Amino acid sequence: MPKKQWSRDDYCHVGNSSEVLRSGIPDGHSPSLFLTDPPYNIGHNYGNVSDRLKKDDYHRMIGEVLVSSYEAAADSAHFFMIHYPEAIAEMWSMIMETGWKFRQWLTWVYPSNIGMSNRAWTRASRTVLWLVKDEGGEPKFYPKRIIRPYRNPWDRRVAQLIKDGKRGCSLYDWWEINLTKNVNKEKSDYSNQIPQVLLQRIIRSTTDVGDLVVDPFSGTFSTAKAALATGRLGWGCDMNEETQEYWPEETDFIRDYVEEEYSIDQDQSFDTVRANIGKERMNEMLRWASERLPPSQRKWTIRELDFIEGAQETAETSDESEDEVQKSRSVFDY
Ligand SMILES: C[S@@+](CC[C@H](N)C(=O)[O-])C[C@H]1O[C@@H](n2cnc3c(N)ncnc32)[C@H](O)[C@@H]1O
């Protein structure tokens with residue numbers, strides 16, 4: 001099969017996305033995934049594009065994009081929309097009339113140091129609304145590709161799962177992922193840039209290499225870049241002509257990307273951010289603390305730390321006897 005090609009001319013656009021979606025998808029391709037973070041209509045600076053539309057006009061605009069996405073989508077496809085929960089609640093009946101079906105309500109939480117309001121607690125979360133089109137059957141979903149490591153690997157049941165070659169559990173429906181910060185090299189000056197970890201998590205869990213991933217409100221083209229970095233064809237459109245400066249390069253397309261199961265995608269956990277320490281230091285401290293655990297717990301904990309740090313040999317089947325696994329059940333669920 002010839003390798004897929006990607007070019008800016010075919011995959012990057014300026015314009016009103018409900019219109020561009022009708023004419024600008026390359027021939028012979030149907031998007032498997034729409035992944036987008038629409039304007040929130042709260043007055044951000046998007047160049048020539050207003051982020052303060054009248055509420056009815058705003059809802060109509062989002063509705064038109066959902067309908068043209070549904071028409072352009074493959075018969076089995078996903079639509080993920082990142083937004084504030086109250087905004088989605090307000091648009092709910094309109095969203096349900098676009099053809100897309102509700103699949104899951106995910107919550108993205110992020111540590112934020114800003115905010116001390118007298119009226120409400122600090123906002124540090126957004127909704128990731130997952131919708132599907134299933135006219136061609138269930139859309140693809142690969143929950144094993146990105147997992148969270150076991151929290152109590154010494155537990156008898158968990159140790160058995162690890163011996164059987166399992167490497168972790170399905171993700172929860174709430175995700176702790178840090179905001180894209182100024183110190184981060186992926187950060188540009190544009191409002192609401194979505195972190196690569198979150199985008200790649202959705203892309204890798206719902207599509208295959210070579211599939212077409214579309215973001216109708218591209219901003220910094222972060223979704224297209226996440227798609228290209230994982231071997232998918234990333235398509236983007238934005239009405240703000242200034243966003244052309246963020247268009248990906250052809251060299252961003254990693255066409256030889258190989259998918260794997262049981263990846264841990266988090267680069268920095270909440271706790272390391274709070275403690276203001278790096279991942280390596282955190283792991284050093286956990287290893288130091290593990291030395292104080294009973295031997296059977298220590299062994300399993302260190303195996304998991306090895307795995308989290310990328311040591312492949314931890315995936316090998318263990319030949320340890322059951323006696324070495326702590327018999328008592330952990331108080332934690334896994
Ligand atoms: C929240 S930002 C997207 C940021 C993006 N997720 C990122 O990571 O950089 C929303 C974008 O939608 C664009 N936009 C607003 N209305 C649009 C429309 N009708 N068609 C296309 N783009 C639009 C704005 O210019 C803005 O760049």
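Which residues are buried in H6? The views below take that up, along with the ligand shell.

**View 1. Helix H6 is mostly covered.** Nine of the 11 residues of H6 are buried, with a residue counted as buried if 20 or more other C-beta atoms, placed from the backbone, lie within 10 Å of its own. They are Gln196, Leu198, Leu199, Gln200, Arg201, Ile202, Ile203, Arg204 and Thr206. This is a predicted model, where local features need pLDDT of at least 70, side-chain atom pairs count only at pLDDT 80 or more, and totals for chains, interfaces and linings use all residues. Residues are numbered from 1 along each chain as its sequence is written. Helices (H or I, at least four residues) and strands (E, at least two) are DSSP runs numbered from the N terminus.

**View 2. H6 meets H7.** The axes of H6 (residues 196-206) and H7 (residues 222-229) come within 9 Å and cross at roughly 55°; axes are lines fitted to C-alpha atoms over the stretch in contact, with angles running from 0 to 180 degrees between N-to-C directions. Gln196, Leu199, Gln200 and Ile203 of H6 make the contact with Ser222, Thr223, Ala226, Ala227 and Ala229 of H7, contact being C-beta atoms, placed from the backbone, within 7 Å.

**View 3. Around the ligand.** Of the 21 residues around the ligand, Phe217, Gly219, Thr220, Ser222 and Asn240 come nearest; a residue is near if its C-beta atom, placed from the backbone, lies within 6 Å.

Methods. Two residues are in contact if their C-beta atoms, placed from the backbone, lie within 7 Å. A residue is buried if 20 or more other C-beta atoms lie within 10 Å of its own, exposed if 12 or fewer, and partly exposed in between; C-beta atoms are placed from the backbone.
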